[in-house]
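Please look over the two chains below before reading on.

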Amino acid sequence: MKNKSALTQKLCASPHIVWSAIFIVVPLIMVLYYAFTDANGAFTFENILRLGDYTTTFLRSIWYGIVATVICLIIAYPLAYIIAQSKARVQSTMVMLVMIPMWMNFLLRTYAWMTLLEDNGVINGIITKLGFDGVHMINTSGAVILGMVYNFLPYMILPIYTVMTKLDRSLIEAAQDLGANKVCVIKDVVFPSTLSGVVSGITMVFVPSVSTFYISQKLGGGSFALIGDIIEMQFQVSNNFNFGAALSLVLMVLILICMAVMNRFGDDENAAGGMMI
Amino acid sequence: MRKFISVFAALMMVFLCSAPLGLTTVASAKDYSDLVGTEINVYNWGEYISDGAEDTMDVNKEFEKLTGIKVNYTTYDSNENMYNKIKGGGANYDIIIPSDYMIERMIGEGLLEKIDFSNIPNYSNILDEYKNLYFDPANEYSVPYNVGMVGLIYNTKMVEETPDSWGIMWDENYSGQILMFNNPRDAFGITQCYLGIDLNTTNSDDWHRAYDKLKEQKPLVSSYVMDDVYNKMESGEAAMCAYYAGDYLSMKANNPDLAFVYPKEGTNIFVDSACIPVGCQNKTGAELYINFLLSGEVALANAEYICYASPNKAVVNNPDYSLKDEKILYPEPEDMPKTQYYHNLSPELLMLMTSLWDNLKIEGNDDVSIYIGLISFTAICVVYAGYRFVRKKKREKMY
């Protein structure tokens with residue numbers, strides 16, 4: 001009997017394994033291959049050595065990614081807590097409100113921000129109507145980070161919210177009974193037990209923020225490039241697949257390192273913390 | 001028998017449809033009935049065909065009705081983008097519409113098929129000046145579709161003077177109000193025009209000089225754009241930009257404050273032509289499509305819709321053509337600016353140009369704050385980790 005269930009398990013998993021092999025493993029190997037070859041297919045380190053010129057771009061992308069992730073976390077955590085604490089009907093409405101923007105195309109939403117932030121845009125129109133001086137917002141790093149926060153915020157709220165709903169209320173009550181004040185309850189009871197949600201939220205915001213290119217092009221005016229822009233340019237304009245692959249490879253490694261460091265934080269805080277990579 | 005009837009019916013439909021439209025279409029000498037029910041894949045620039053919006057002619061639909069050949073239509077936004085798709089071999093297209101220098105490159109690399117002009121009797125509509133161009137001297141591979149030049153578009157409400165030079169795009173008075181091309185060839189192109197450098201110079205110092213000039217301009221540039229230019233110029237978000245003449249006419253329709261000039265230093269002229277890439281699956285169908293694009297009524301509909309200059313006699317001589325007196329598209333010979341075509345660059349020069357362009361783009365003005373931010377973030381993390389480590393040790397001691 002046992003053998004049979006093992007076989008069923010394998011059968012059920014096989015489509016996923018085949019899928020991963022074809023669409024994840026093989027492309028990764030191709031990225032590796034391109035990164036270490038030149039246009040004629042000969043082995044070379046030149047692509048990797050060229051990357052030194054792009055250090056600032058890499059660091060800028062990571063920095064923007066960190067800032068966006070931290071802002072998302074600061075907004076999302078209390079919000080998820082409030083949603084999880086409210087009544088069932090209110091809860092479903094609020095989750096709905098978080099999800100609805102995701103039904104719209106990501107590119108369209110970013111484009112809409114362009115119209116909002118422009119010097120003659122909607123927001124400045126309102127500000128000047130009220131008698132204040134207009135604020136220059138578009139084509140600044142602030143606008144790019146705003147775009148990242150706006151677009152990826154739901155990916156932070158939803159995992160945290162999911163963990164929060166599973167939170168055992170009796171734990172909180174027990175802590176209160178034992179004399180813990182509000183801050184203490186949140187710091188020592190709620191936060192540690194929702195850490196797995198926070199970790200997956202951070203991953204889901206940080207990774208797309210670091211590698212984005214559309215947001216920086218539209219809201220940053222293309223005057224400073226993130227690493228995603230440079231990679232896009234290698235494939236779309238320069239037709240230099242090898243260098244593009246080298247950039248992507250290093251970006252992947254950097255993201256992996258960031259995630260590993262973060263997992264160490266989550267890891268020893270709480271054994272129940274979920275592992276994410 | 002049934003098959004015969006259906007072919008007959010299809011042919012009848014062809015004639016019935018063509019009669020009211022008055023289209024001079026499928027060459028009558030040949031029999032194309034076996035193409036009914038086949039498909040062609042057309043790969044064109046975005047917004048580069050009359051698509052039936054606002055009561056215009058839907059060119060693809062008319063072609064389908066007329067010939068029974070199904071048109072699969074997709075678009076691209078740059079020559080390089082299209083080239084990568086064809087070169088990669090991942091997709092099959094029957095028609096592409098590259099620009100001059102890209103045609104030169106693709107012919108050189110053997111990526112284009114020779115066209116059978118016996119299927120394209122309407123080729124006689126092409127003006128003589130657009131035959132035997134440098135990229136296809138024997139007229140074997142390409143059929144001109146549209147012609148255009150790059151010029152300076154500016155908002156008369158924001159620019160008081162009447163500019164006549166590319167130099168105004170380097171004028172500090174307009175800092176933060178200048179839009180620049182977001183593709184290396186065109187951005188370098190106008191810089192080279194301004195500096196009086198040949199657009200196709202093979203001297204790498206010339207490219208570096210143009211790069212320095214672009215770097216000098218960067219702090220003044222509001223953003224580097226392609227299609228977003230419409231939005232930004234029409235809303236008055238930017239004071240000026242360099243863009244294609246035909247697109248100015250579309251912008252002006254939405255913002256009458258805009259004006260246009262061909263700067264005195266000269267500019268780039270381009271010809272976009274229909275070509276058939278190797279690996280095409282339905283060559284005759286593709287040739288019929290090209291022939292259809294050249295027929296008077298279709299070409300007129302396209303010229304009215306796209307607003308680019310037409311290389312087609314049947315359009316420019318048509319009294320109904322609303323843009324025929326538009327001096328921006330068809331300047332008088334004495335007003336014609338100095339123009340140069342782009343030529344295909346050698347792989348080394350292409351590499352140089354794109355890496356200079358990369359350098360231009362990766363420079364930011366916030367470099368210092370990034371380093372400070374990252375260092376302080378790392379410091380906070382380390383301090384926090386240390387604090388946690390110490391606390392853990394303390395707890396272990398306690399128990």
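## A loop residue in chain B

B:Glu47 sits in the loop between β1 (39–45) and α2 (59–67) of chain B. Helices (H or I, at least four residues) and strands (E, at least two) are DSSP runs, numbered from the N terminus. The phi of B:Glu47 is near 55°, a positive value in a residue other than glycine. Most residues other than glycine have a negative phi. B:Glu47 is partly exposed, with 15 other C-beta atoms within 10 Å. A residue is buried if 20 or more other C-beta atoms lie within 10 Å of its own, exposed if 12 or fewer, and partly exposed in between, with C-beta atoms placed from the backbone.

## What kind of model this is

This is a predicted model, in which local features need pLDDT of at least 70, side-chain atom pairs count only at pLDDT 80 or more, and totals for chains, interfaces and linings use all residues. Residues are numbered from 1 along each chain as its sequence is written, while chains are lettered from A and ligands numbered from 1 in the order in which they are written.

The predictor gives the complex an ipTM of 0.80 and a pTM of 0.84. Chain B averages a pLDDT of 89, and 93% of its residues score at least 70. Here pLDDT is the predictor's confidence in each residue, from 0 to 100. Residues 1–28 of chain B have a pLDDT below 50. Beyond near neighbours in sequence, this stretch has 29 contacts in the model. Where pLDDT is low, the predicted coordinates should not be read in detail.

## Chain B as a whole

Chain B holds 13 helices and 10 strands. Its C-alpha trace spans about 100 × 70 × 40 Å along the principal axes. Of the 399 residues in chain B, 41% are buried. Two residues are in contact if their C-beta atoms, placed from the backbone, lie within 7 Å. Among contacts in chain B with a separation of 6 or more, 78% join residues 24 or more positions apart.

The domain assignment, automatic or from a database, gives domain 1 (2–146 + 272–328) and domain 2 (148–269 + 347–362) of chain B. Domain 1 of chain B brings 9 residues to the contact, and domain 2 of chain B brings 10. The side of domain 1 of chain B that touches domain 2 has 5 nonpolar, 2 polar and 2 charged residues. Ala, Val, Leu, Ile, Met, Phe, Trp, Tyr, Cys and Pro count as nonpolar, Asp, Glu, Lys and Arg as charged, and the others, Gly among them, as polar. The C-alpha centres of the two domains are 31 Å apart.

## Where the chains meet

In the contact between the chains, 25 residues of chain A meet 27 residues of chain B. On the chain A side, α3 (55–85) and α12 (227–236) each give two or more residues. α3(A) gives the most, with 6 residues. By class, this side of chain A has 10 nonpolar, 11 polar and 4 charged residues.

## Inside chain A

α3(A) also meets α10(A): A:Gly65 and A:Leu73 are among the residues on the α3(A) side, and A:Ile202 and A:Phe206 among those on the α10(A) side. This contact has 11 nonpolar, 5 polar and no charged residues.

A:Asn139 lies in the loop between α6 (122–129) and α7 (141–165) of chain A. A:Asn139 has a positive phi of about 65° although it is not a glycine. A:Asn139 is buried, with 24 other C-beta atoms within 10 Å.
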